[in-house]
Amino acid sequence: MATDSQETNAYIVQKRREFEGLAFEHMDSLYSTALRMTKNELDAEDLVQDVYVRAFRFFHKFKRGSNFKAWIFKILTNTFINQYRKKSKQPPRVEFDKISSVYVENVNDDEASTQFPEKFKESNYDALFDDEIVSALGQLSDDFRTVVILADIESFSYKEIAEIVGCPIGTVMSRLSRGRKQLQNYLMEYAVRSGIIDKPD
């Protein structure tokens, strides 16, 4: 007969596996978005690790059958705003392979371990994105840059972006329009400087 502890451990292992099945497929997108937000590899790694810790902790609040990607990107955006953009405190470095063990006791180490992909640690920011695109995105305000990334890179709908960033759809549309316009102007200046196009009359 299974003990309460065994049943609890089995539930936690099942929960972790369900979480990993949903979460890991979005890791590339989360990391690239975090990199564009923070503009720093170490901060991006910290941010993604923090997001996964938070997402696992609050996984019981995720509504099964709803949009998991939008849900975890909302956690990413809120974490960036509250901890990284404000720079109010330096978030602790958290090893991703300890996510489960932080909240679970007496679970087999092999079952609980998860490793943050080495390819992210070895990635080179300049190699991931065109330098001028990165530079142009970096000149946008955080609010504009976030909606441009979510819309034009991650292909979220206006409604999804509104839910992720926590503002009305009209605000999302306005920020996206203005962000795209600024991005276009920055890239136009680069194209003129580089002789790719002639200076407009």
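## Helix α10

The expected span of a helix is taken as 1.5 Å times one less than its number of residues. In this predicted model, helix α10 covers residues 142-153, and its 12 residues reach 15 Å from the first C-alpha to the last, close to the 16 Å expected at 1.5 Å a residue.

Much of the description of α10 concerns burial: F144, R145, T146, V147, V148, I149, L150 and A151 are buried. Just after the helix, S155 takes a positive phi of about 60°.

R145 forms a salt bridge with D142, with the closest N and O atoms 2.5 Å apart. Both residues lie in α10, 3 residues apart, which is about one turn of the helix. An α-helix has 3.6 residues a turn, so residues three or four places apart point the same way. The two partners can also be described by accessibility: R145 counts as buried because its relative accessibility is 3%, whereas D142, at 22%, counts as partly exposed.

## Salt bridges between separate elements

A search of the whole structure finds 6 salt bridges. One of them joins the side chains of E154 and K69, at 3.1 Å from N to O. E154 lies in the loop between α10 and α11 (158-165) and K69 in helix α4, so this pair ties together parts that are 85 residues apart in sequence. Both E154 and K69 are buried.

R64 forms a salt bridge with E18, the closest N and O atoms being 2.6 Å apart. This pair links distant parts of the chain, with R64 in the loop between α3 (41-57) and α4 (68-85) and E18 in helix α1 (residues 4-23), 46 residues apart. R64 counts as partly exposed at 47% relative accessibility, and E18 counts as partly exposed at 32%.

Definitions and conventions: Residues are numbered from 1 along each chain as its sequence is written. This is a predicted model: local features need pLDDT of at least 70, side-chain atom pairs count only at pLDDT 80 or more; totals for chains, interfaces and linings use all residues. Side-chain values use heavy atoms; hydrogens and water are left out. Helices (H or I, at least four residues) and strands (E, at least two) are DSSP runs, numbered from the N terminus. Buried means under 20% relative accessible area, exposed over 50%, partly exposed in between (1.4 Å probe, protein chains only). A salt bridge is a side-chain nitrogen of Lys or Arg within 4 Å of a carboxyl oxygen of Asp or Glu.
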